[in-house]
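Please take a short tour of this model in your viewer. Each stop says what to select and what is found there.

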Amino acid sequence: MDTAPRISLKQSNRKIILNMFRESSVLSVSDVSLKTGISKPTVQKVINHFAETGYILPEGKGNSTDEGGKKPLLYSFNQLLGYVVTIHVGPDFMHSAIIDMKSQILQSDFRKLDDIGIEEVTRMCADVISDYSKSDLVQNSRIISISIALPGIVSASEGVLVYTPHFPGWGNDYPFVGELKKLVSVSAPILCDNINRYQAFAEMKAGKAIGKRNFMIIDAMEEGLGSGIVVNGQLKHGAQNFSGEIGHMLLMPTSGPKCICGGKGCFEALVSLKRINALINEGRKLHDNSLIFTDENNETMLKRLFAAFVQGDEFAIVIMDEIAFWFASGINNVIMINDPELIILEGIYTTVGDSFIELIKFHLERLAYPGIERKVQIVMSDFGNERGILGAGTYAIWSFFNQVEFYSD
Ligand SMILES: [Zn+2]
């Protein structure tokens with residue numbers, strides 16, 4: 001979507017008007033004309049065009065105007081005319097869903113993945129697509145697009161999984177989309193990209209980054225941290241698709257903990273669950289009374305740590321302060337490269353709450369350029385565990401409605 005093809009006035013009007021319906025519930029011709037500045041007869045023509053193709057539905061009459069004029073006819077976007085199959089392949093799971101054209105999840109499936117080869121992952125994706133395409137939902141409609149969020153370095157333009165540090169056995173340059181197409185009979189386009197890029201896209205269209213042109217998401221999982229970067233309203237891929245791999249920025253290159261990528265002292269290795277466990281074990285003898293060690297049999301270590309931190313437990317604060325320091329160091333480096341206006345945190349740390357963000361900001365103001373206030377906003381995402389499927393699905397829907405041919409006769 002980096003280079004927009006030429007678009008005629010007619011196509012442009014159709015796109016603007018359909019986008020307005022996609023983002024609204026019901027609208028009249030006057031509503032659309034008022035909001036877009038496009039004349040009422042042209043709006044009516046465009047509505048008639050999309051009513052014929054089924055994308056816009058009549059919704060009866062609205063209330064009459066204050067002046068006592070005629071009751072206007074109302075219309076809505078037909079979000080059930082087509083569906084998207086979206087799959088998120090995580091480090092140890094496959095999460096999939098079928099969603100409508102307004103990103104509403106209609107059916108979903110979550111399964112654990114053992115340590116399996118990429119050919120097996122591809123076959124499982126094909127099975128998921130086949131199952132959804134046979135579901136009752138799709139019988140009277142069609143799948144408009146299929147999108148798959150993958151871990152690691154992905155070339156979206158070529159449909160190639162370049163490399164995944166979690167699974168070195170998957171090899172290099174696996175032609176994922178090409179291999180998947182051999183196994184599925186659905187004719188819809190198949191897209192893939194790095195999960196974090198899709199997440200950033202979804203934040204821009206339906207999350208915390210609506211209206212923002214320079215922002216990034218940072219997703220920290222128990223093991224693994226990545227970023228989706230948007231510059232001037234465009235997702236960044238870079239020359240070799242490394243863009244966003246900030247988990248492997250070197251923050252402690254000589255003495256830091258080992259990283260799954262083969263390096264040492266990477267950002268993600270310093271804030272991973274493994275690292276937290278190591279810090280807790282190192283300090284346990286000195287802090288045996290810490291709240292972290294109560295309820296050990298019933299709650300996960302992370303939940304106990306976060307709860308103890310919020311309650312002001314001294315040892316929990318020491319650990320979270322160190323984690324916040326490494327977040328601030330990583331964030332400082334990306335600010336110096338991309339200068340985003342907003343950073344959205346996703347993943348395991350979103351449940352800690354705003355006090356963790358305050359701690360990150362505290363350190364951020366004291367690292368480089370202490371004399372200049374960091375105006376970058378840091379917030380937590382609302383997408384939760386559905387962020388992968390919503391991200392990939394939202395991107396697929398926007399790609400579908402971004403095709404110039406869609407607005408031709
Ligand atoms: Zn690394």
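This is a predicted model: local features need pLDDT of at least 70, side-chain atom pairs count only at pLDDT 80 or more; totals for chains, interfaces and linings use all residues.

## Where domain 1 and domain 2 touch

Next, show the contacts between these two parts. On the side of domain 1, 13 residues are in contact, and they meet 11 residues of domain 2. About 1100 Å² is buried between domain 1 and domain 2, with 58% of that area given by carbon and sulfur atoms. Now pick out Lys15, Arg22 and Tyr55: they supply 50% of the area that domain 1 buries against domain 2, more than any other three residues.

How many salt bridges are there between domain 1 and domain 2? The count is 0. Polar contacts do occur across this interface, in 4 residue pairs.

## The zinc ion

Now select the zinc ion together with His248, Cys259, Cys261 and Cys266, which coordinate the ion. The donor atoms are ND1 of His248 and SG of each of the cysteines, at 2.0 to 2.4 Å. Along the sequence, the spacing of these donor residues is H-x10-C-x1-C-x4-C.

Turn to the angles among the 4 donor atoms: they run from 104 to 123 degrees, and the site is tetrahedral.

Cys259 is buried, at a relative accessible area of 9%, while Cys261 is partly exposed, at 36%.

Technical notes: Residues are numbered from 1 along each chain as its sequence is written. Side-chain values use heavy atoms; hydrogens and water are left out. Donors are N, O and S atoms within 2.8 Å of the metal (3.2 Å for Na, K and Ca); water is not among the atoms, so sites may look incomplete. Four donors count as tetrahedral if all angles lie between 85 and 135 degrees; four count as square planar and six as octahedral if opposite donors are over 155 degrees apart and all others between 65 and 115; anything else is irregular. Buried means under 20% relative accessible area, exposed over 50%, partly exposed in between (1.4 Å probe, protein chains only). Contact means heavy atoms within 4.5 Å. Buried area is the accessible area (1.4 Å probe) that two parts lose on being put together, summed over both. A salt bridge is a side-chain nitrogen of Lys or Arg within 4 Å of a carboxyl oxygen of Asp or Glu. A polar contact is a pair of N or O atoms within 3.5 Å; within protein, one must be able to donate a hydrogen and the other to accept it, and residues adjacent in sequence count only if both atoms are side-chain atoms.
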